[in-house]
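Dear colleague,

Please find below the structure that I am handing over to you, together with its sequence. My notes on what was found follow directly after it.

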Amino acid sequence: MTKPLQITLSVCCILVVLAVVFVCIYFTRIKTINSVEKITDYSDGYNIYRMDIEYDYSLDDVIDYGITDDQSMIDAIVKEALPLLPVSIEAPDFGCTAFTMKDTDGDIHMGRNYDFMNNTSAMLVQCTPKDGYESVAFAALDNVQANDADANIKQKLSTLISPFVCLDGMNEKGVSIAVLTLDSEPIHQDTGKPTIATSLAIRLVLDRAATTEEAVELLKGYDMCASGGRDYHFYITDASGDGRIVEYDCDSETRDLVATPTEAATNFYILHKEMAKPNQKNGIYGHGRERYDTVLDIMKQQEGNYTDETVWTALKAASQEPNPESITSNTQWSINYNNTDLTAEIAIRRNWDNVYVYDLTTNQMKKVE
């Protein structure tokens, strides 16, 4: 055998091995992108999609990567979701309103409006992690450059990042969580604990918390690094109705984590509620007090008679039309999470007559008639 032939055979063997490795890594990822399904077909091009995450991800590996800023968070997510491929994404921003209530049947609900100035499609992400709880969550596809998620392979591959950029969700234990933006300086704790970024906190709670109390304790175990150049707080509820807002106190030099019981939250510190006036900016203490008051007024008016319709009345009343001067205007989706029967009703971009319901127990989705 001549030397050139030996070299050729060696190269071929290496290529075969690389091909086998690639197929092994991407087999379940290919199954995942093949599960992408378009649910609506709106003329503006922004729709609801759904997908089932078939590949095994390691949240611990993402966190252990060493998150110090937006780029390191992105690098960690891409390494886990899209190994071996050159893909880039942008760190997202998050607006919103969230609230909890118990209806006349005893079911616990979390209502959630996601408000953000950039138009986006919504991806329903169903996850069944090997060592965690099954969950449903929603990602803004604009954040991964995949608004037309089933259009081509590039956009489908981008959706593999979805588990790590969800903005709200609910798990099989009836724990719901939503992230909402604030106007304070972005938090970057450095106390020696492992560091977690904003949307990774959503995934952490969905995968590992069975109660609101467990969620709070989980978050206490990490330093928080706010992503996207903004600050945030997290609204968390569970099947018992324990609703709390997790905030990193803007008046604390060490930005201490404080979990405050509350029925609702928008874009101001519940911890410093007295500092937030409606219909105006309130410096580091935030804005959106008028939406908070609107939700509580509706809850007070219908107290003792809460139903699914109460949730939707509050969501509609707190929703927002586009305002180019406000990053937290323009309601992109509205969701009624039922922490008791494990369903999620969703309408996007204020299309109130087109509500879809997802059942976490059966992994089925249909239009509400």
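**Findings**

Arg29 is placed over the face of Tyr26, 5.7 Å from the ring centre. Arg29 also lies over the face of Tyr55, in this case at 4.5 Å from the ring centre.

Please bear in mind that this is a predicted model. The mean pLDDT of the protein is 92, with 91% of its residues at 70 or more. Residues 15-21, however, have a pLDDT below 50, and this stretch makes zero contacts in the model beyond near neighbours in sequence. Where pLDDT is low, the predicted coordinates should not be read in detail.

β17 pairs in the antiparallel sense with strand β4 (residues 108-115) over seven bridges, and Tyr337 in β17 is the bridge partner of Met110. Strand β18 (residues 343-348) also runs antiparallel to β17, joined to it by six bridges; here Ile348 is the bridge partner of Trp333. The hairpin of β17 and β18 has four residues between the strands, and Leu342 takes a positive phi near 60° in it.

The structure holds seven aromatic pairs. In one of them, the rings of Tyr57 and Phe164 have centres 5.4 Å apart and planes at 80°, so the pair is edge-to-face. Tyr57 lies in the loop between β2 (48-53) and α2 (59-64), and Phe164 in the loop between α4 (153-158) and β7 (166-171); the pair therefore ties together parts that are 107 residues apart in sequence. Tyr57 is buried at 13% relative accessibility, as is Phe164 at 0%. Trp312 and Trp352 form another edge-to-face pair, 6.3 Å centre to centre with 75° between the planes. This pair links helix α8, which holds Trp312, to the loop between β18 and β19 (356-359), which holds Trp352, across 40 residues. Trp312 is buried at 7% relative accessibility, whereas Trp352 is partly exposed at 23%.

Finally, Gly304, in the loop between α7 (289-301) and α8 (308-318), is exposed at 58% relative accessibility.

With kind regards

Notes: Residues are numbered from 1 along each chain as its sequence is written. This is a predicted model: local features need pLDDT of at least 70, side-chain atom pairs count only at pLDDT 80 or more; totals for chains, interfaces and linings use all residues. Side-chain values use heavy atoms; hydrogens and water are left out. pLDDT is the predictor's confidence in each residue, from 0 to 100. Contact means heavy atoms within 4.5 Å. Helices (H or I, at least four residues) and strands (E, at least two) are DSSP runs, numbered from the N terminus. Buried means under 20% relative accessible area, exposed over 50%, partly exposed in between (1.4 Å probe, protein chains only). Two strands pair if DSSP finds at least two bridges between them. Rings of Phe, Tyr and Trp (its six-membered ring) pair if their centres lie within 6.5 Å; planes under 30 degrees apart count as stacked, over 60 as edge-to-face and the rest as tilted. A charge sits over a ring if NZ of Lys or CZ of Arg is within 6 Å of the ring centre and within 35 degrees of the ring normal.
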